[in-house]
Amino acid sequence: MYSPHVTKLEQSALEQRVSVQLARYDPDYSWAVEARLSQVWSQSKGLLRSLTREESDFIRNERLLSALDFAYWTRYARLLPDAAVGDGQLVTFSPWPSQSLILSECCRLEELAYEQYLSGAPQDGILIAVPKARQEGISIVAAMLKMHRLTTSPYSLAVTASENLDKRTALYQRDERIHSNLPWWLQPERTEPDIINERLTFGKLDSSILYQDYAQKSSLAAGEQYLLGHMSELAQGDQIAVDRFMELDYFPAIPQSWRTLHILESTPAGQGGWWHPFIMANAGGRGRWSVRFVPWYMLAFKYRRVPPDGWLPNAHSLLHAEKVRETSPGYVGRVVELSKEQLYWWETTREEYRKKGSLTFFLTNYPATLEESFQFSGGSIFDFETIDYYRTRTRAPGGVYQIVEGAG
């Protein structure tokens, strides 16, 4: 579904099983055929005429390929773009660098789980925890991954939650919009129980998604096994409730299957609570979850500002740029050189927070490293600017040496 290698194997197995040869059409051709098909369907009346053999074959082909291949399905999925890059019109999904980072991890984990499945070993599937800077598009890619499976694959149960009813409503509205803007022939019928802000059900597929929040009094994700899940803003909810929901309710409801896909994501909210120790433990290899940190600079089109003529970055900005060069390969797989526009945005935005005495919130919202994202909010004999200055200058040790007495 996410890995081209796994998709190829699954497509070959399906073609042999149902005696069909699937065709991968060029997107322009797919959209042209969809434009014609949209004219033969009415929301109130259904089909306005019988489909031709060519049209029926096309629909069957696209349904099967879409179920097998997430990337192929996305050509038909439309959503509202981020306000920073859109004009309010629906667009097809084109992954941002931050979203591609998560999709690449989906590929890696799917290949690992698929190999384990073929060998008869237990599989965790795709379990990704995403500590992130603000507005990196992770909730959007999580919604796309959920709705792909729910609208194309039978027997798919999903659960999603956020910090409160308002955030739960936002998740529901985003998912509902993706479904309602699919082509009619890729849009499964919604059936009972179908409850605003609580559940979407696609009865003919026997698939559904449950919407919950961390402020609710009842248990979360209880009573079922969920192949799919998305927990949003885990650091923002009541951390005692989140701890109980995750450890006692949600995690036991995740099945061991190569088809499992669950994403946890949040901007940080300081040290302590549930999210911070959970992330650090799994980042250290002591858990089931793969941690993929998304730093602020991944979206160069968003966090930037045109500097005035003659502007030069100050010493702190230069140190920050150096830290990004050194740490970016470990987070994004390549060396990142901050542009002048990015560095000017960082310097001026940091200064705005500094003047308000809120540098901790700046680093929490726009971290460049995982450690930087988890700020200690308690008191200290040193002011925060001094702490941040020396933290920025800190570098990873070049090596570990032992001095042996009497050697040489």
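The questions and answers below concern a sheet, a helix pair and some individual residues in a predicted model.

In this predicted model, local features need pLDDT of at least 70 and side-chain atom pairs count only at pLDDT 80 or more, whereas totals for chains, interfaces and linings use all residues. Residues are numbered from 1 along each chain as its sequence is written, and side-chain values use heavy atoms, with hydrogens and water left out.

Student: What is the bridge partner of Ser232 in β10?
Tutor: Strand β9 (residues 228-232) and strand β10 (residues 261-266) run parallel and are joined by five bridges. In β10, the residue that partners Ser232 is Glu265.

Student: Why is α5 described as oblique to α6?
Tutor: Axes are lines fitted to C-alpha atoms, for helices over the stretch in contact, and angles run from 0 to 180 degrees between N-to-C directions. Angles under 35 degrees count as roughly parallel, over 145 as roughly antiparallel, 65 to 115 as roughly perpendicular and the rest as oblique. The axes of α5 and helix α6 (residues 138-152) come within 9 Å, and they cross at roughly 45°. That angle makes α5, relative to α6, oblique.

Student: Is Phe93 buried or exposed?
Tutor: Phe93 is found in the loop between β4 (91-92) and α5. Leaving aside neighbours within four places in sequence, Phe93 is in contact (heavy atoms within 4.5 Å) with residues including Phe70, Leu103, Ile140 and Met144. Buried means under 20% relative accessible area, exposed over 50%, and partly exposed in between, with a 1.4 Å probe and protein chains only. Because the relative accessibility of Phe93 is 10%, this residue counts as buried.

Student: What is the value of phi at Gln135?
Tutor: Gln135 lies in the loop between β5 and α6, and at 44% relative accessibility this residue counts as partly exposed. Although Gln135 is not a glycine, its phi is positive, at about 55°.

Technical notes: Two strands pair if DSSP finds at least two bridges between them. Helices (H or I, at least four residues) and strands (E, at least two) are DSSP runs, numbered from the N terminus.
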